[in-house]
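Dear colleague,

Here is the structure that I promised to pass on to you. Please open it beside this message, and then read the notes below, which go through what was found in it.

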Amino acid sequence: MAIVLKNGTVVSAKGEIKADVRFEGEKILDVGQNLAQTGDEVIDVSGKYIFPGGIDVHTHLDLDVGFTVTADDFSSGTKAALAGGTTTIIDFVNHIRGTTFSECVKHYHGLADGKCFCDWGFHLGVSDWNPERSAELEKMVKEEGITTFKMYMAYKGTMQVTDEQIEGALRRAKELGVLFLFHCENGDMVVDNVQRLISEGKTEPKWHPVSRDADVELDAVRRLIDISDKVDYPVYIVHLSSKKAMLEVRKRRQAGSKVLCETCPQYLVLDDSLYEGTTEDSFAGGKYVLSPPLRKKEDNEELLAALAAGEIQTVATDHCSFNYKGQKDMGRDNFSKIPNGGPGIEHRLQVLWECGVEKGLFSAPRFAELTAEMPARIFGLFPQKGIIAKGSDADFFIADFSPVTITAAKQFQNVDYTPYEGMTSHLNVLSVFVRGKKIFENGKFRSDKPEGKFLHRLTYCDGKKGGNLP
Ligand SMILES: [Zn+2]
């Protein structure tokens with residue numbers, strides 16, 4: 001039996017229209033006028049909006065950072081995603097040096113399989129590059145459905161790769177038509193800065209952003225684009241955070257460089273004044289120790305303007321949650337020992353809606369493009385995901401615009417705070433559907449059964465014109 005959502009407003013990257021959405025099983029049958037047929041179940045959604053299910057392409061669930069493990073695992077993390085209107089995530093398999101990609105992917109399937117409430121895919125974080133790993137990359141694409149890879153220009157000694165390795169990987173990526181993502185911070189500069197600050201007795205959270213200032217990001221962005229130009233192949237920069245880096249990307253694009261960019265809600269609405277802590281708790285700034293760090297208000301504004309101008313392609317979260325009590329406070333006496341990362345998987349859409357659409361900077365269709373369609377296109381999921389259209393998966397959320405307050409007390413994220421505590425959003429998620437099934441409604445899950453599916457993705461260049469971009 002088909003279901004029809006009647007009298008709602010359907011939002012897509014192209015625009016918003018008053019239309020019915022008719023779906024059966026896992027797929028959308030049609031979007032249009034007066035679609036109900038005899039025997040259909042008709043749900044009236046008058047006055048409400050239907051958005052494509054969000055796709056968060058940057059999460060870290062059940063991540064072991066060596067001395068502790070993230071607060072959210074694949075169960076709590078994917079539930080939290082759904083509660084916020086996100087129906088698909090792409091998480092990172094962490095490659096441990098000296099092991100094979102296959103071993104690491106297998107380990108991650110052990111962590112995620114049978115636990116996910118929304119659909120998910122894996123990127124592979126590549127911490128080493130040599131002929132064996134280069135040969136193994138094709139197997140990831142063809143057998144594992146993993147078509148995007150990430151390299152870190154920071155985290156010296158564990159993940160950081162050299163420029164030479166980046167160039168080798170990018171040449172291989174070009175052969176296979178796959179996309180590489182890059183964490184752009186100069187890890188050598190970070191190590192030097194941390195050593196200097198700590199030796200000067202500068203140990204509080206407020207020194208974290210100093211140790212990883214915008215020049216640290218800018219240097220890595222420059223080097224990366226130089227390599228991309230040399231190889232003549234696109235690169236994707238994760239969590240772009242500063243005005244300096246944004247200006248560099250703009251300048252280089254004008255000169256012909258092929259750069260895709262992602263930013264995150266924390267770089268749009270939070271700033272480095274939070275590192276000062278509060279009068280009651282001088283260590284409260286530890287909650288915001290993430291990398292890259294929070295910047296200044298002018299950085300927030302530059303990135304928001306870039307989103308509105310179409311210069312940033314996606315908004316993801318870099319969700320990597322650690323409890324304030326028991327985890328973040330491991331670095332009470334030394335900011336460099338605070339586990340890096342913060343929660344956000346649940347509130348991405350609400351925060352972005354508020355700072356972008358509600359403030360009048362960009363439209364609801366642009367919001368849908370940033371949070372669903374472009375992630376689907378770039379990461380090989382389009383048109384299965386990312387759009388409400390005939391033949392696509394019936395992934396969407398229904399919302400109205402009544403105000404809601406974000407608070408840790410009500411969240412599904414399994415962590416003891418949210419960086420957005422007390423913030424109001426006018427995006428009120430009422431119900432969420434994944435592949436035609438209503439999973440979440442009125443603040444509650446309708447089932448305790450994790451039914452998320454692992455997604456084998458297309459490669460970046462499976463689409464036409466050297467990528468799946470419109
Ligand atoms: Zn990350």
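P383 is found in the loop between helix 12 (364-378) and strand 14 (396-400), where helices (H or I, at least four residues) and strands (E, at least two) are DSSP runs, numbered from the N terminus. Please keep in mind that this is a predicted model, in which local features need pLDDT of at least 70 and side-chain atom pairs count only at pLDDT 80 or more, while totals for chains, interfaces and linings use all residues. Residues are numbered from 1 along each chain as its sequence is written.

The peptide bond that joins F382 and P383 is cis, with an omega of about 5 degrees. A cis peptide bond also joins S291 and P292, where omega is about 0 degrees, and P292 sits in the loop between helix 9 (266-269) and helix 10 (297-308). Y155 has a phi near 70 degrees, which is a positive value in a residue other than glycine, and this residue lies in the loop between strand 9 (148-152) and helix 4.

The chain is divided into domain 1 (3-51 + 387-415 + 427-445) and domain 2 (54-384), with bounds that come from an automatic or database domain assignment. The C-alpha centres of domain 1 and domain 2 lie 29 Å apart. Their contact takes 27 residues from domain 1 and 30 residues from domain 2, where two residues are in contact if their C-beta atoms, placed from the backbone, lie within 7 Å. On the side of domain 1 that touches domain 2, the elements that give two or more residues are strand 1 (3-12), strand 2 (15-24), strand 17 (428-434) and strand 18 (437-441), and strand 17 gives the most, with 3 residues. By class, this side of domain 1 has 16 nonpolar, 7 polar and 4 charged residues, where Ala, Val, Leu, Ile, Met, Phe, Trp, Tyr, Cys and Pro count as nonpolar, Asp, Glu, Lys and Arg as charged, and the others, Gly among them, as polar.

An open sheet is formed by 8 strands in the order 6-7-8-9-10-11-12-13, with parallel pairing; two strands pair if DSSP finds at least two bridges between them. Strand 6 (54-59) and strand 13 (314-315) stand at the edges, each with a single partner strand, so one side of each has no neighbour in the sheet. Strand 6 pairs with strand 7 (residues 86-94) in the parallel sense over 4 bridges, and the bridge partner of G54 in strand 7 is T86.

Helix 1 (residues 74-83) lies across strand 6, strand 7 and strand 8 (119-125), and runs at about 145 degrees to strand 7; axes are lines fitted to C-alpha atoms, for helices over the stretch in contact, and angles run from 0 to 180 degrees between N-to-C directions. Helix 2 (residues 101-112) also packs on the sheet, where it touches strand 7 and strand 8, and its direction makes about 150 degrees with that of strand 8.

**A pair of packed helices**

Helix 11 (residues 348-358) and helix 12 pack at an angle of about 140 degrees, with their axes 11 Å apart. Helix 11 is therefore oblique to helix 12, since angles under 35 degrees count as roughly parallel, over 145 as roughly antiparallel, 65 to 115 as roughly perpendicular and the rest as oblique. The contact is made by L349, L352, W353, G356 and V357 of helix 11 together with A364, F367 and T371 of helix 12, and the residues of this contact divide into 6 nonpolar, 2 polar and no charged.

With best wishes
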